Every structure is written in structure tokens, then in C-alpha cells.
Amino acid sequence: MTEHEPTPERHEHEPRDHPRIYVADLAAYNNGHLHGTWIDSTLEPGEMWEQINAMLGRSPIPGSEEIAIHDYEHFGPLHLSEYESIGTVSRIGRGFLEHGHAFLHWVDLAGTSDPDELDAFEDHYLGQYESLRDLGEEMADAHGIDHLIEEHLPEFIRPYVTVDYEAFGADMASDCHVADEQGGIHVFSA
């Protein structure tokens with residue numbers, strides 16, 4: 001970079017990599033040709049089908065109609081079927097845009113056989129925490145544990161009373177689904 005070139009703009013938060021799928025043309029594949037396209041899964045189903053149909057229109061095998069998902073990336077813990085519905089893939093991608101990686105964990109938990117279950121994310125998501133201890137601290141705070149200790153215990157004993165937040169968090173999570181992710185956990189009600 002010369003001294004007259006502007007400094008490249010830097011963003012505090014790098015944009016996330018969107019989930020995407022590689023849709024293959026099965027007629028071409030079955031005839032020894034690798035032909036397909038990568039598609040951003042955050043698009044509406046109609047937009048995804050436009051790209052799929054455009055790819056099929058360029059097929060080395062005239063009249064190609066059948067497709068399969070031969071690869072995918074940025075879906076976190078999910079494992080997609082090669083015949084996953086484009087509508088479901090789009091719902092997953094758009095859910096990722098709205099809720100981030102927590103949504104991918106929800107889909108991994110809920111599955112894709114009932115696409116309407118994907119809409120229940122907000123009903124079940126309890127939050128992201130760095131650890132079970134952090135979950136325990138937040139739940140203790142929500143239940144006013146510190147206030148109860150101050151209100152009901154004599155002052156001379158308070159310095160000796162502690163809450164095992166790790167154990168409390170683990171106990172609170174025992175009735176939940178906990179998904180590990182680098183840098184923390186996602187907690188979902190059962």
C-alpha cells in the first residue's frame with residue numbers, strides 16, 4: 001500500500017459466513033460431469049430455485065431436472081441430507097440470519113422432518129452463556145438469591161455463605177438441552 005492509498009476500512013465485527021449448499025445436477029453427475037452451483041442458504045426459496053434452474057439450464061446434459069445437495073458449509077452441528085428440501089434449507093439459512101449460530105443448534109436438536117418446529121426457536125431458547133457457572137449466576141440473580149441471603153441471614157454469617165453457581169447452573173440445565181459451542185453454551189428448554 002502506498003502512502004496515498006486510503007487505509008482499508010476495518011469493521012469491529014467481521015461479517016459471518018452464511019450457510020450455503022452446493023447443489024449438483026444429478027444427470028450430469030451420473031454421466032461423469034461435475035456440474036452444480038453454490039447457493040447462499042439465506043435466500044428465499046424462490047431465489048434459490050432461480051439459481052438452481054439457471055444451473056440446470058447450463059447443464060452439459062440437455063433436459064436435466066434432478067438435483068441433490070452434494071456439499072454444504074457453515075451449518076454448524078447440522079448434517080443435511082442430500083435430498084433436504086430447498087424450502088427447509090432456506091428456513092435454516094434465514095433463521096441463522098435472524099438468530100445466529102444458536103439457531104443451527106436448535107435445528108440440530110429439533111431436526112428437519114417437521115419444518116414448522118423450526119419456528120419454535122424463540123419459545124425454547126433460553127440464552128447463550130460462557131459456562132454453566134454463568135447460567136447459575138444469572139438464574140440465582142433472577143430468583144433473588146443474594147437478596148434472600150441478605151434478608152434472612154444474620155450479618156455475621158453472610159461472609160461465610162456462598163452459592164455453588166456451577167452446581168446450580170448444572171442443576172438448572174439438567175432439565176434443558178445444552179449445546180456446546182466454542183466460547184460458550186446455548187441452552188434450550190426441553
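This is a predicted model: local features need pLDDT of at least 70, side-chain atom pairs count only at pLDDT 80 or more; totals for chains, interfaces and linings use all residues.
Q: Which residues form a nonpolar patch on the surface together with Ile 157?
A: The patch that includes Ile 157 lies on the surface and has about 440 Å² of accessible area, counted over its members together. Beside Ile 157, the residues that form this nonpolar patch are Phe 156, Tyr 160 and Val 161.

Q: Which element gives the largest share of the lining of the largest pocket?
A: The largest pocket has a volume of about 170 Å³, and among the residues that line it are Arg 91, Arg 94, Gly 95, Phe 103 and Asp 119. The elements that give two or more residues to this lining are α3 (86-99) and α5 (121-124). The largest share, five residues, comes from α3.

Q: How many charged residues does the lining of the largest pocket have?
A: The lining includes Glu 98, Glu 122 and Asp 119. Sorted by class, it has three nonpolar and two polar residues, while the number of charged residues is five.

Q: Which residue forms a salt bridge with Arg 94, and where does that partner lie?
A: The closest N and O atoms of the pair are 3.7 Å apart, which falls within the 4 Å that a salt bridge requires. The pair links distant parts of the chain, 50 residues apart, with Arg 94 in helix α3.

Q: How far apart are the closest N and O atoms in the salt bridge of Asp 119 with Arg 91?
A: Asp 119 lies in the loop between α4 (101-110) and α5, whereas Arg 91 lies in helix α3, 28 residues apart. Asp 119 counts as exposed at 54% relative accessibility, while Arg 91 counts as partly exposed at 23%. In this salt bridge the closest N and O atoms are apart by 2.6 Å.

Q: In which helix do Glu 137 and Arg 133 both lie?
A: Glu 137 forms a salt bridge with Arg 133, with the closest N and O atoms 3.1 Å apart. The two residues are four residues apart, about one turn of the helix, and both lie in α6.

Key
Residues are numbered from 1 along each chain as its sequence is written. Side-chain values use heavy atoms; hydrogens and water are left out. Patches are made of residues with over 30% relative accessible area and no salt bridge: like charges are joined within 9 Å, nonpolar side chains (Val, Leu, Ile, Met, Phe, Trp, Tyr) within 5 Å. Accessible areas come from the Shrake-Rupley method with a 1.4 Å probe; for residues, only the protein chains shown count as cover. A salt bridge is a side-chain nitrogen of Lys or Arg within 4 Å of a carboxyl oxygen of Asp or Glu. On a 1 Å grid over the protein atoms alone, a cavity is a set of points where a 1.4 Å probe fits but cannot get out, and a pocket is an open set with protein on both sides within 12 Å along at least five of seven lines; lining residues have an atom within 4 Å of a point. Grid points are joined across faces, edges and corners, and a volume is the space filled by probe spheres set on the points. Ala, Val, Leu, Ile, Met, Phe, Trp, Tyr, Cys and Pro count as nonpolar, Asp, Glu, Lys and Arg as charged, and the others, Gly among them, as polar. Buried means under 20% relative accessible area, exposed over 50%, partly exposed in between (1.4 Å probe, protein chains only).
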